[in-house]
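Visitor: Could you take me through this structure? I would like to ask about it piece by piece.

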Amino acid sequence: MTALKYPLASEIAALMKAAETRSAEVHSVDDLEKFRVEFLARKGGIAELFDKLKAVPNDQKPVLGKELNKLRSHVESLFEAMHHRLNSQSKKEEEIPDLTLPGRALPVGTLHPITQTLNDIAAIFTSMGFAVANGPEIEDDYHNFEALNFPPDHPARDMQDTFFISEKVLLRTHTSPVQIRVMEHQQPPIRVIMPGRVYRNEAISARSLSQFHQVEGLYVDRNVTFSELKGTLVAFAKEFYGSNIKYKFRPSFFPFTEPSLEMDITCFICSGKGCPMCKRTGWLEILGAGMVHPNVFRKVGYDSESVTGFAFGMGIERTTVLRHGIPDLRMLLENDVKFLEQF
Amino acid sequence: MRISFNWLRRYVGFTSTSEDAAQIITSAGLEVEKIEPLGKHLDRFVVGEVIAAEKHPNADKLTVCQVRVEGDSFNALQIVCGAPNVREGQKVAVGLVGATVPRNQHDANGKPFVLTKVKLRGVESNGMICSEYELGIGDDAQGILVLDGNAVVGTTLARHLGLDDTVFEIGVTPNRPDCLNHIGVARELAAATGAQLIFPEEINRAEAREEISQHLTVSVKNTADCPRYSAVMISDVRIGPSPSWLQNFLKAVGVRPINNVVDVTNFVMYELGQPLHAFDYQRIAGKKIVVQNATKGQRFITLDGKEHKLSENMLMICDAEKAVAVAGVMGGLNSEISEKTTSIVLESAYFSPTSIRRTSKQLGLSTDASQRFERGIDPNGTVIAVRRAAALIAEFAGGKILAGVIDIYPKEISAREILLRISRTNKILGTDLNAADIEKYLSSIAIQVKMESTSAADSIFVCTVPTFRPDLLEEIDLIEEVARLHGYNNIEDKMVSAIDFRNMHVTIAPVADAARSWFEANGFHETISNSMIDATTAEIFSPHTVRILNPLSNEMSVMRPSLLPSMLQNIFFNQNHGTKDLRLFEIGKIYEQRGANGGNDPVPGFHEEERLGICISGKKQLRTWYNEDRIVDIFDIKGIVESLFLKILLDKIRFIYYDSSSSLTVQTIGIEINGTYSGYLGKVSSTLLQRFQIENDVYVAEINLASIKEQGRSFKQFFQLSKFPSVLRDLAFLVPKKIFVHDIETEIFKSGGSLLKQVTLFDVYEGKNLPENVKSVAFSLHFVPEEKTLTDSEIDAATTKIAEAIGLKFGAELRRM
Ligand SMILES: [Zn+2]
């Protein structure tokens, strides 16, 4: 009680009142700065009172000191509140640009749709443990035909019209010769896919190209079965075309596989009802495959009794046009930017 | 291969629809590519009889007809007809109301139209009497089609015309020559459905007393190429048309009916698969047939009237004086069946497939017969087929079959025996089939199966394969037959149980992949171009091009020796399609001919190299509200290459600045990776642009990816980040214009000490306020301390040292910043 009698106590109370009064008058950043100088600065009112505290008798010091601290924290919180208020006010006043202006664009590039299809197919098979192998496009007759069980002068060669470079050198008609090259350099087990460019001497049209891409697959080990071939292809097709597809297998013929098959899935364009893309059958042929023919194993020096294997192959251009609904295969080689940037 | 459903059903009891048949045949491995219902467009047309025809009361050229269209009813349709030739009593083709008339003869394009009930000049007309043209079965539009008097009123026109049939277009694979005929396909259909195969009954015709041997001798000089030659003779034939049912069958499979002899030979070929040839006996000189090779340079005119030059390896059918047929390919004009023919020789032979294939290829002549011979027919079917043909000819053309068959068959080709292990079958297929299953499947396609041995471990069958299946050579072929007949879709889809990583060589393509994603992220479009280009263009780029012997066209006759022509072609195409601002890249191979020895090319003498091509042209970016447009220049392509190399972890590259430029590019800069020349960048020369008709400047880079691959895939090594603040200082020099920035930069590094980590050129200025031949170059220097904070005086000392060095070396003057 005695403390209150000391003049400093009333000075503290007066300054508190003054600060409150003045705070109501602060409307701008300038006002706030004046407020700060008046009360909180190094030479402001509060500092002045702290100076005076030094002259106060010791017994009074704790009480008055506490009052002064209270004053200081109160004024500081007033200042903080005003600062916050002014700041948010000033932000509101900031000019808003025309937000409908287009953004500063970053360049947008594209991978060729063939590359995208190849990458997707490769990703599925590499996740199944297949490695990737490559081979030359200019091939010899031996790797492209003979080692793949196409005897010379056999009608099976008519299935693949060939571009020749010389009598025994040609542009590979399929990626299958890479199978031979892999097996020539490696013992089983083998699990590889072989993507690449192939050539056929066929007139160019909306439905056929003289140059296109294939992905070949080869799996050789002890006890590989036809049943596992089917399982692998089903797993691939469900991953690539969707898990709800329906599929069927048909016997077919490739000289280097036996038994050979072709796989059809329900046309995803018409859901099996029949459309021009599936020739109104409701089915799309997606790949050919089969068990590696013993003659192929014999050519690469494998024991065809102890190892078995399967191979499969699919055309990338066809898959690509089906996926994207592209009406004409030729568009894939024109490289029209207006076409490329759609994918 | 066209197969008629009606014809097929003669040999197999099959009662379901043609669609079902198609599906079953497809599942058996004979893919039905197209189902063609022949008379579907005529299903609302019937045979009618004009029972009354009167002049139209209001029109001179029209006739009002009463037409009976139902078999046993006299209810008639009133039809107004405009044709001049309509008469009472005629059997005619009537389109009923609702029918779509295939061709409108009053429309310039013959567009189809639908028949409705109409009034013509006040008289009701309920249908139409049609002309051949309108029905789409002929070109006569002058008058109505008048049918045979025997036509049955009320039957559909499709049936009357033999068009109530469905044709399957089957893609027969080269391994199945046995299915290039109706019996073969019927056998598959029967096997798949469990039905019985009905072989055509042998027609017993009395033979004449005269022996064929009295009139004809045959000698085969080349039994390797002609292992079997059978023949019969028929005398006193009358050449004429064959019966309409036979003509209809032939038309359905796409063969034009000619006469009763030729039609029968075609019929039997399409029925049994044996190609036959009929010779006019009167035109066979010396009553003699000799099968022998042609002489070199010999000339021969085939049935189609074309003259061919023969070579020694071609097998010919000759008489005593001349060649009369190219064996197995085509007969000659000189022994063709004509209207005057009275005696014929029917040939039924088995020729070696490779011989026929060679001849057919060399002559560029592929016929129904040659296609069958070269795939392999049944050597043991010649006599059955020729006897059947003779009987049919005798039936349709009259005539007497001479007694006996000439059959030159010195070395019988017998049925092959193949061992089949049940364990092996199941091991390959992943199935659990038993002996009874396998026996059932194989015997359904005429393979005789006999148990050879059986033990707890395995049972082995001896399978006797009929000679019409030349494709079945070894055990695996029989395993495929088992799988096929069991049904591929009845075999479980089993996922490979565990991944085995033994021997796994995973090769990845980090460089190409990294480059692709970098280009994609930076706004480039990837192109994939044809590797085949035209020869003249190719030769501009390399003297060692790879040429295609049999190109599709001149434009695609050489393998590209560089990516540049492909890229320029792409620029040209886009320019013509309205896109001139381009940022394109391509990763692809180039091809060159090299000396056969040396190098490790997989096919000696032919070098393939994977390259990266980049090309830019036009504006760098379009004019926008925040940006001025700018045309790209050499520093854009250079910057692209520099940034790309930074991205794919290459710091060992060096640019080589040439004094002169090549004919392909100007402003050319060579690219060296770890001391090996690996490509170039530059501006495409104006002559080259003109050649490709390109209007804008084009900047390109072409880099060998293999040389990057060899260098690439090293991991960048971490270095300690400095704990002390780094310091930036700018220095500008006035130097003679001819001094290269690259050289100044090198000198700055040399003189700047170890703390100088980075030098960035940020300004180049020439012109106003500067003397001529002088430029100002300004660099930002980045000092990074290692052990302590750098003081101002230390930095000053370092920059002073640099300034002195530059001044000394280049006569440069430090500019106050
Ligand atoms: Zn469809």
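Guide: The conversation below goes through cores, sheets, a helix, rings and backbone.

Guide: This is a predicted model, in which local features need pLDDT of at least 70, side-chain atom pairs count only at pLDDT 80 or more, and totals for chains, interfaces and linings use all residues. Residues are numbered from 1 along each chain as its sequence is written, chains are lettered from A and ligands numbered from 1 in the order in which they are written, and side-chain values use heavy atoms, with hydrogens and water left out.

Visitor: Which residues touch the most other members in the largest nonpolar core?

Guide: They are Phe125(A), Leu233(A), Phe236(A), Leu261(A), Met263(A), Phe312(A) and Leu420(B), in a core of 73 residues. A nonpolar core is a set of buried Ala, Val, Leu, Ile, Met, Phe, Trp, Tyr and Cys residues joined through side-chain atoms within 4.5 Å. Buried means under 20% relative accessible area, exposed over 50%, and partly exposed in between, with a 1.4 Å probe and protein chains only.

Visitor: Where does the largest share of this core come from?

Guide: Helix α9 (residues 226-241) of chain A supplies that share, with eight residues. Helices (H or I, at least four residues) and strands (E, at least two) are DSSP runs, numbered from the N terminus. There is also a second, separate core of 53 residues, which includes Trp7(B), Leu180(B), Val253(B) and Ala385(B).

Visitor: What does Met263(A) touch?

Guide: Leaving aside residues up to four places away in sequence, its contacts include Leu233(A), Val234(A), Ala237(A) and Tyr247(A). Contact means heavy atoms within 4.5 Å.

Visitor: Moving on to sheets, in what order do the seven strands of the open sheet in chain B run?

Guide: The order is β30-β34-β35-β39-β38-β37-β36, with mixed pairing. Two strands pair if DSSP finds at least two bridges between them.

Visitor: Which strands stand at the edges?

Guide: They are β30 (525-526) and β36 (653-657) of chain B; each has a single partner strand, so one side of each is left without a neighbour in the sheet. Further in, β37 (residues 665-673) and β38 (residues 676-684) of chain B are antiparallel partners over seven bridges, and Thr665(B) stands opposite Val684(B).

Visitor: And what about β17 of chain B, buried or exposed?

Guide: Five of the five residues of strand β17 (residues 276-280) of chain B are buried, so the strand is largely enclosed by the rest of the structure. Leu276(B), Ala278(B) and Asp280(B) point one way, while His277(B) and Phe279(B) point the other way. Five bridges join β17(B) to the antiparallel strand β24 (residues 344-350) of chain B, where Glu347(B) is the bridge partner of His277(B).

Visitor: Why is α10(B) called largely enclosed?

Guide: The reason is that 13 of the 16 residues of α10(B) are buried. Just after α10(B), Gly398(B) has a positive phi of about 70 degrees.

Visitor: How many aromatic pairs are there over all chains?

Guide: The structure holds 30 of them. Rings of Phe, Tyr and Trp (its six-membered ring) pair if their centres lie within 6.5 Å; planes under 30 degrees apart count as stacked, over 60 as edge-to-face and the rest as tilted. Phe240(A) and Tyr241(A) form an edge-to-face pair, 4.9 Å centre to centre with 80 degrees between the planes, and both residues are buried. Phe310(A) and Phe312(A) form a tilted pair at 6.4 Å and 40 degrees, and both are buried as well.

Visitor: Last topic: where are the cis peptide bonds in chain A?

Guide: One runs from Pro188(A) to Pro189(A), with omega near 0 degrees, and Pro189(A) is in the loop between α8 (177-185) and β4 (190-199) of chain A. Another joins Glu258(A) and Pro259(A), with omega about -5 degrees; Pro259(A) is in strand β7 (residues 257-266) of chain A. Most residues other than glycine have a negative phi, and most peptide bonds are trans.

Visitor: What is the phi of Asn223(A)?

Guide: Phi of Asn223(A) is near 65 degrees, a positive value in a residue other than glycine. Asn223(A) lies in the loop between β5 (211-221) and α9 of chain A, and at 48% relative accessibility it counts as partly exposed.
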